[in-house]
Amino acid sequence: MDKFTNSAWFMRIVAFALAALLFISINFEMESDKKSLGLSTAPEISTETIENVPVEVYYDRENLVVSGVPETVDVTLKGAKSLLINAKNQRDFKVYVDLSDPAISMGDRTVTFKISDLNEKLVATIDPEYAEVNVQERVTKEFSVEAEYNSSLLEEGYTAGQPTVSPKTVKITGAKDAIEQISYVKANLEISKGLNETVNSKATVKALDRDLNKLDVTIEPSSVAVSLKVSIPSKTVSIAPKQTGKAKDGIRITSISVDPKEVTLFGSETSLEKIDEINLAVNISKIDGDTELELDLNKPDSVQKMSLGKAQVKIRTEKVDVDEENAEPVVEEEEPETEQKQEEQVVEEKPEPEEEDEPAAIESKTFSNIQIVPVGIRDDQDAELESDVTSITLLGEADDLKKITKDDINLTVDVSNLDEGTHDVDLAVTVPEGVEWELDSKTVSVTITQKDEET
């Protein structure tokens, strides 16, 4: 035994065993240290889904239109967790569809999504994997725009003209089959409340098929200016003062006058046709002498509004003897006249002095709905009046006023020197000689726009 232990081979075997144990022990401790420090040589594999990744489409945009490609897709990545975190935060990869081949055919086709700029150590899965797309020839065509609005929003009594559009045409670009489906090109005027005044606003243009479905096309310009003229019929009638109550004892009403003598009513034409005057009740029971009052005008229920709500009333009086006012007239018996009395009566009769000619009284006459005519419009411009009719009151002698008709009155507005925009312009009035005139407003608002160039 001593001989075996003292041999060289024994020592070699023991040394090898000790070296092997030492190697195993050292490697085990190193592996333990690496794991505790996160330095394991085998990386941790994980997956991460990134949602709503934008999709890019490569194709000839000048001549083709591609539809059917979703705007976004979901991408699931698999690989080392550290790489996944970086890819999710940076999003420096791209998902795309390649249709850039010049020989690509028109029509429907199935295309797969591709991914680029992704770390090669990551594996990507795209959901959905493919898309059904349609490739069409790109077409541009010009269409007329029709403006529309919700007419039910017009307030009672108001009327609206045809809405005008500027520019009147737009260029629409899209796939050939989409362009061929266009049946209507409309600009809808958005109105959220009761409509009782002229509207000037921008409206978005939409292309619709015959079933009023919106088509996926590009419109240039995408919005247009829309003007909708809203007005209300009017009628000028006289104000008629009417006495109410009983005058006080000793007071006699000699005259009642009102200022102004007329008021303009606004409402539906059928309602205005039934009204010829507005009655103004004047209570005389508390009048002690000459008085001036301001009284409210009662608006008829069928009328939308009036040009004024009050009027000035002048009351003129005189004092009378109460007994004389209330006394009954005494009727005396007539005696038969003798020839002598008849002769005396004839002698006593004196010729009455001739009345001197009094100057003719000035009266007024109002004409409603007189047309205002713009003059001097340039060939390259359009002129639109805020209101193209008005009322005018003529002042003169009664005989002269009776002869005057609407045809004798001319109202014009000179727009020859106006630039594009809205202006307040003086009205020019022509009436027969010998009469004067009055207008509610001596100016009118005029909007000048440039005409579209013909293409």
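Predicted model: local features only at pLDDT ≥ 70, side-chain atom pairs only at ≥ 80, totals over all residues.
User: Start with the whole chain. How many helices and strands does the protein chain have?

Analyst: The protein chain has 8 helices and 32 strands.

User: What share of the residues is buried?

Analyst: Buried residues make up 29% of the 455 residues in the protein chain. The chain exposes about 31,700 Å². Carbon and sulfur atoms supply 47% of that area.

User: And how do I read contacts along the sequence? Which share joins residues at least 24 apart?

Analyst: Take contacts between residues at least 6 apart in sequence. Of these, 70% join residues at least 24 apart.

User: Now single residues. Is Gln-136 buried or exposed, and why?

Analyst: Buried means under 20% relative accessible area. Gln-136 has 17% relative accessibility, so Gln-136 counts as buried. Gln-136 is found in strand β8, residues 130–144.

User: What does Gln-136 touch beyond its sequence neighbours?

Analyst: Set aside residues within four places in sequence. Gln-136 is then in contact with Asn-63, Leu-64, Val-65, Met-106, Ala-175, Lys-176 and Asp-177.

User: Which side chain makes a polar contact with the side chain of Gln-136?

Analyst: That of Asn-134, at 3.3 Å. The cut-off for a polar contact is 3.5 Å between N or O atoms.

User: Next, Thr-236. Where is Thr-236 placed?

Analyst: Thr-236 lies in strand β18, residues 234–244. Its relative accessible area is 17%, so Thr-236 is buried.

User: Which side chain is joined to that of Thr-236 by a polar contact?

Analyst: The side chain of Thr-264, with a polar contact of 3.1 Å.

User: Last one. Is Lys-202 buried or exposed?

Analyst: Exposed means over 50% relative accessible area. Lys-202 has 59% relative accessibility, so Lys-202 counts as exposed. Lys-202 is found in strand β14, residues 199–208.

User: What does Lys-202 touch, not counting residues up to four places away in sequence?

Analyst: Lys-202 touches Ser-223, Val-224 and Ala-225. Look at Ala-225 in the model. Lys-202 and Ala-225 are 23 residues apart along the chain. Their C-alpha atoms are separated by 4.6 Å.

How values were computed: Residues numbered from 1 in each chain as written. Heavy atoms only, no water. Helix = DSSP H or I, 4+ residues; strand = E, 2+ residues; numbered from the N terminus. Buried < 20%, exposed > 50% of the residue type's maximum accessible area, 1.4 Å probe, protein only. Polar contact = N/O pair within 3.5 Å; in protein donor to acceptor, adjacent residues only side chain to side chain. Contact = heavy atoms within 4.5 Å. Areas by Shrake-Rupley, 256 points an atom, 1.4 Å probe, with all protein chains shown as cover.
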